[in-house]
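The exercises below go through one structure step by step, each with a task and a worked solution. Please look at the sequence and the model before reading on.

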Amino acid sequence: MPTIAPLAQTFGIANNVVEITNRVSYFNSLAILQQADALFIPGSDDPQYTASKIYTYLLSQKPLITIFNSKSPAIKILSECGASNNHSFNDTAVLNLAIKRFITALIDNELAEPVYDNTCMDKHSALNMTKLQCELFNEVLNTI
């Protein structure tokens with residue numbers, strides 16, 4: 001069921017918004033990310049929520065606007081990687097202005113090319129997480 005498209009219609013920007021409500025395959029989602037001019041990562045009011053595809057979004061090197069709970073680990077991760085257009089639900093006046101500026105810059109083709117630090121993701125990679133697990137297992141084995 002569409003939720004964003006009706007809002008876009010209300011604000012007169014429906015021609016600039018595409019909302020796909022059905023699930024898409026992983027590879028199709030990668031193609032969609034690459035075709036997009038900009039990306040929106042909606043969060044949750046849950047402080048523990050982190051978007052599962054946050055690294056995929058960063059690796060796309062597309063302009064991002066994000067909205068999360070101010071205590072969400074996602075904001076720290078995004079900031080560490082160089083994403084600066086991260087917002088919380090706390091101040092709706094600031095949030096409304098940020099969204100308006102982002103959409104205006106997108107429509108006017110004035111969004112700066114982002115440069116995200118992909119090395120910041122290394123500590124969260126499968127290779128590093130596996131290494132940390134092995135270190136933990138070795139530590140346990142060494143205490144037996």
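**Exercise 1.** Which side chain meets that of E80 in a salt bridge of 3.7 Å, N to O?

*Solution.* The model is a predicted one, in which local features need pLDDT of at least 70 and side-chain atom pairs count only at pLDDT 80 or more, while totals for chains, interfaces and linings use all residues. Residues are numbered from 1 along each chain as its sequence is written, and side-chain values use heavy atoms, with hydrogens and water left out.

A salt bridge here is a side-chain nitrogen of Lys or Arg within 4 Å of a carboxyl oxygen of Asp or Glu. The partner asked for is K76, at 3.7 Å from N to O. Because E80 and K76 are four residues apart in helix α4, about one helical turn separates them; helices (H or I, at least four residues) and strands (E, at least two) are DSSP runs, numbered from the N terminus.

**Exercise 2.** Follow E80 to its salt bridge with K123 and describe the network.

*Solution.* First, the closest N and O atoms of E80 and K123 are 3.2 Å apart. Next, E80 lies in helix α4 and K123 in the loop between α5 (92-107) and α6 (126-142), so this pair ties together parts that are 43 residues apart in sequence. Then, with buried meaning under 20% relative accessible area, exposed over 50%, and partly exposed in between (1.4 Å probe, protein chains only), K76 is exposed at 57%, whereas E80 is partly exposed at 33% and K123 is partly exposed at 43%. Finally, salt bridges that share partners join K76, E80 and K123 into one network.

**Exercise 3.** How many aromatic pairs does a search of the whole structure find, and how are the rings of Y49 and F68 arranged?

*Solution.* Rings of Phe, Tyr and Trp (its six-membered ring) pair if their centres lie within 6.5 Å; planes under 30 degrees apart count as stacked, over 60 as edge-to-face and the rest as tilted. The search finds two pairs. In one of them, the centres of the Y26 and F27 rings are 5.4 Å apart and their planes are at 70°, so the pair is edge-to-face. For Y49 and F68 the centres are 6.2 Å apart and the planes at 25°, so the pair is stacked. This pair links distant parts of the chain, with Y49 in the loop between β1 and α3 (54-59) and F68 in strand β2, 19 residues apart. F68 is buried at 0%, while Y49 is partly exposed at 32%.
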